[in-house]
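Student: Please show me how to read the interface in this model.

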Number of protein chains: 2
Amino acid sequence: MSDLKYFSVADILAMEKQYRTNLINSAPGVKGVYLIGTKSGAGQMNLAIFNSVFHVGANPPYLGMIIRPDSVDRHTWQNILNTGFYTINQVSEAVVKQAHQTSARYESEVSEFEAVGLAAEERNGFIAPYVKDSAVAFGLKLAEFHRIEANGTIIVIGEVQHMYVQEQALQEDGFVALENVNAIGCVGLDAYYKIAPLGRLPYAKKDKNPDWIN
Amino acid sequence: MSDLKYFSVADILAMEKQYRTNLINSAPGVKGVYLIGTKSGAGQMNLAIFNSVFHVGANPPYLGMIIRPDSVDRHTWQNILNTGFYTINQVSEAVVKQAHQTSARYESEVSEFEAVGLAAEERNGFIAPYVKDSAVAFGLKLAEFHRIEANGTIIVIGEVQHMYVQEQALQEDGFVALENVNAIGCVGLDAYYKIAPLGRLPYAKKDKNPDWIN
């Protein structure tokens with residue numbers, strides 16, 4: 001391996017803005033890519049790309065995400081606060097450009113579904129719209145949120161009320177094989193990745209070395 | 001595409017435990033894989049695998065992560081609370097089995113570095129140990145934490161004080177090309193993935209359709 005380059009916090013703070021943004025967003029690693037669907041109180045649909053969705057709990061099921069309320073995320077956050085509901089939709093390779101394009105600064109009266117050419121779908125009377133062709137989607141109810149004192153970003157915790165998974169991805173033990181539906185990952189703000197399975201490892205025990213199951 | 005399978009929250013709550021755990025952990029998508037290095041007040045080293053690290057801000061640089069204090073994460077959390085410092089180390093394909101093995105329930109007086117065979121390294125007098133061969137690593141100071149009311153998990157926010165990146169991954173614009181150092185992703189609790197770049201997309205503008213830069 002080549003040498004490690006060291007940056008102190010002072011080095012990071014002194015960097016040119018775009019360099020620092022790229023570095024600090026990409027170094028932490030690969031993330032999932034999601035489209036968050038919401039509706040305003042007046043019924044206007046909104047769709048926005050996010051890469052900060054995380055698992056909070058399975059029983060009951062909760063998902064978290066990070067929102068920057070001073071960015072293009074603000075329409076999403078206003079709609080979640082106003083209605084209490086939102087959808088999280090996985091992005092696949094086929095629609096990565098449309099998903100990325102939702103990050104343009106469209107006015108609040110524009111539906112990004114229409115602007116970028118992704119079909120919306122209403123399901124089970126849920127107020128927030130789903131992305132029709134997404135292979136994995138969740139319908140969530142806002143449960144709680146926390147403001148990060150350090151910089152004002154908001155951690156949004158949602159309770160999963162509805163969930164949809166393409167059958168070709170769903171395995172016998174509940175595992176969702178995302179490679180079967182061409183789910184993608186991203187690094188930083190603009191780099192997208194395919195994923196390819198290395199395998200699954202067994203539950204770790206102190207006295208055993210793990211080896212690939214399949 | 002095949003059909004969408006629907007699960008209501010009632011369906012999810014009624015599932016067999018392991019099926020629900022697999023489903024709710026894997027469906028949200030690919031995540032990065034990290035080893036968190038800490039030291040107890042008495043100087044005992046600890047190393048634990050995490051997959052819930054997220055970007056909070058670049059200026060100043062902050063990273064967040066989720067800790068379940070009733071799980072094997074508890075030693076990590078006690079050490080962070082006691083000392084105020086921890087490291088986040090990226091996991092590459094070469095050490096995925098050792099990284100996974102840190103999730104076995106070792107006693108608190110066991111160093112997982114030794115138990116799984118990963119070399120620890122002290123750098124710049126920082127109290128928390130780094131994983132010597134990790135291609136990207138951060139040294140963090142605990143900044144704040146939030147308890148999620150829904151289920152008691154803890155959101156830990158850390159200020160980046162030190163950062164190390166393999167030079168072969170670092171691009172001219174600050175982007176860290178993680179594929180150059182065989183960084184991996186994971187889905188759910190036990191499935192590991194390679195990542196392969198699709199490309200980068202330009203900053204999205206309302207009147208333009210994005211296309212791959214490289």
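Student: Which residue is the bridge partner of Tyr164(A) in strand 1 of chain B?

Tutor: Tyr6(B) is the bridge partner of Tyr164(A) there. Strands are DSSP runs of E, at least two residues, numbered from the N terminus, and two strands pair if DSSP finds at least two bridges between them. Here strand 11 (residues 154-166) of chain A and strand 1 (residues 4-8) of chain B run antiparallel, joined by five bridges. This is a predicted model, where local features need pLDDT of at least 70 and side-chain atom pairs count only at pLDDT 80 or more, while totals for chains, interfaces and linings use all residues. Residues are numbered from 1 along each chain as its sequence is written, chains are lettered from A and ligands numbered from 1 in the order in which they are written, and side-chain values use heavy atoms, with hydrogens and water left out.

Student: How many residues of chain A are in contact with chain B?

Tutor: Contact means heavy atoms within 4.5 Å. By that rule, 110 residues of chain A are in contact with 110 residues of chain B.

Student: How many salt bridges cross the interface of chain A and chain B?

Tutor: A salt bridge is a side-chain nitrogen of Lys or Arg within 4 Å of a carboxyl oxygen of Asp or Glu. The rule finds six across this interface. One salt bridge links Asp211(A) to Lys97(B), with the closest N and O atoms 2.8 Å apart. Strand 13 (residues 191-200) of chain A gives the most to the side of chain A that touches chain B, with ten residues.

Note on methods. Helix = DSSP H or I, 4+ residues; strand = E, 2+ residues; numbered from the N terminus.
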